[in-house]
Amino acid sequence: MLFGKNPLKVLIYCFIIFLFTVLVMLHLLWRRFPFNTDSPIIRDGQLATVSSLRGDLSPTTSTIRPNVILALADDLGWGDVQYNKGNAFTPNLNRMAHSPNSILLQRYYSGGPVCSPTRGTLLTGRNHNRYCVWTANFAGRRRGDFVMPETMPLPLSEITVAEVMREAGYSTALFGKWHLGDFKPLKDGNKKWPVSHPGQHGFERWLATERSAPSCTINCGCKQFQNSTCVTGHYGDRPPCTNYYTNKSAGIESWPDPILGDDSHFIWSLAADYIRDQVKSTKPFFLFLPFHTVHKRYIATEHYRDIYLKKNYSLDEADYYGAISAMDEVIGLLRELLEELGIKNNTLLWFSSDNGPELHTPGMTNGLRGAKYSLYEGGVRVPSVIEWPDAIRSNKESWFPVVSNDVLPTIYDMLNIQPKNDYPIDGISILPFLQGKVSQRNQSIYWAFNINGKFNSSYSISTSGDRYKLMVRYENGKSQHYELFDLVNDLTERSNLSGKYPAVSKKLLTEVEAWRQ
């Protein structure tokens, strides 16, 4: 009857009731997911906040500050991963690289062409030559007189990522390879080689080796197991073993139990327990996982080795690729655990390597010139992927230059912390790059190797920008030879353009000289 008399009026009443219902629902949603501006997160290239995105996230990802996990391979070449045409099967790194919430960094650089320098740059954001970590950290053990300039442990005065995040309220942990100093004083008591272990650099919880270790290992700390081996692989009857240490109330102690099987999985067992503990505590965490794979002595367990032996690879190749596949499986287990615990969205997972592949191994650069120890691309361009669902909303393969020195500045930016004014940082924050706000780095990356404290000796310095790279060889403190490469058009550095573009060479050489001073 009402429709017969005044249908328009009824429709208006219905619309008012509908509108009222919608407003009530919006009000309830607003109270459930209030907007605030506590923490910057990226969505579609724009700045947003964790709180404003909660409607897209599971309830367990409400922690404002993201967890951070750095996974670092050892001597893994740019061409060693499957997505860069490597022979090793790396399905989990492939999935991570092509995840809808990841960025594949195809121009990611290690801060040095060998181990210790890169680890120093990753933790401090500073060039390793600033604090005398000239090369791989072993010299103090080999020369007692210290007549020659030695590469030194990471000084306690350096500010590390772990220290910054611990000060910001994070739990911090490291499991794996340290290689930035010894854990116990030298037997001769030489004070010129001070102790420098993870606990002194901000890591609350750690179990680590002082330097490289086999990728399949037993623990030498257990003397009764010293003569037993998990597998011998292509090394014959030489037993693979190493020492893990941790910091106890009574001092530095070695791990008391035998470690059998794949080393990456042992590191994973420690990491998994730690992550579960932190989720229970609801405290944000920073976890550093420096794997030993695939540094010499690389050895694969039978399961992984047989995959490659059945495909007619040599025993040496099967051990090498098998060790990589074992580490890749750990990356998969890590990503699955983050998903299972409901913290994947709010966790920044960053995978990389400390330098290019070792010489005279099956390691690959996919055509890049040079390898470990070299400042050519093959020595410093390494695999890297960042996955961070809260921040990265679409997959991208990027050729934006990033270096390990950028980790700490990015953390500063992410946590809105200002570094000390009198403490120079060599890296840059890549948060604007992740936000889609910048497409060029506009700041050069510098490497210097074989300086050994003597700028009047023979050494190499390299600088790379968004396009051009200059390699300079110094003899007796003077530049003797330099090469210019266009990395956009000549990825493999085959064409020296220094004669063709003298103005570019001169400009970059001037910058190198200024940086050297």
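Is Thr209 buried or exposed? Thr209 counts as buried, because its relative accessibility is 0% and buried means under 20% relative accessible area. The model is predicted.

**Thr209**
- Thr209 lies in strand 7.
- The side chain of Thr209 makes a polar contact with the side chain of His292, at 2.7 Å.
- Lys177 is 32 residues from Thr209 along the chain, and the C-alpha atoms of the two are separated by 5.0 Å.

**Ser196**
- Ser196 sits in the loop between strand 6 (171-177) and strand 7 (205-209).
- With a relative accessible area of 0%, Ser196 is buried.
- The side chain of Ser196 reaches the backbone oxygen of Leu154 at 2.8 Å.
- Leaving out residues up to four places away in sequence, Ser196 touches Pro153, Leu154, Leu156, Trp178, Leu180, Gly181, Asp182, Phe183 and His201.

**Helix 8 and helix 9**
- Helix 8 (residues 302-309) packs with helix 9 (residues 315-340) at an angle of about 125 degrees, and their axes are 8 Å apart.
- The crossing of the two helices is right-handed.
- From helix 8, Tyr304, Arg305, Tyr308 and Leu309 take part in the contact; they meet Leu315, Ala318, Asp319, Tyr321, Gly322, Ser325, Ala326 and Glu329 of helix 9.
- By class, the contact of helix 8 with helix 9 has seven nonpolar, two polar and three charged residues.

Key: Residues are numbered from 1 along each chain as its sequence is written. This is a predicted model: local features need pLDDT of at least 70, side-chain atom pairs count only at pLDDT 80 or more; totals for chains, interfaces and linings use all residues. Side-chain values use heavy atoms; hydrogens and water are left out. Axes are lines fitted to C-alpha atoms, for helices over the stretch in contact, and angles run from 0 to 180 degrees between N-to-C directions. Helices (H or I, at least four residues) and strands (E, at least two) are DSSP runs, numbered from the N terminus. A crossing is left-handed if the near helix is turned anticlockwise from the far one by less than a right angle, and right-handed if clockwise. Contact means heavy atoms within 4.5 Å. Ala, Val, Leu, Ile, Met, Phe, Trp, Tyr, Cys and Pro count as nonpolar, Asp, Glu, Lys and Arg as charged, and the others, Gly among them, as polar. Buried means under 20% relative accessible area, exposed over 50%, partly exposed in between (1.4 Å probe, protein chains only). A polar contact is a pair of N or O atoms within 3.5 Å; within protein, one must be able to donate a hydrogen and the other to accept it, and residues adjacent in sequence count only if both atoms are side-chain atoms.
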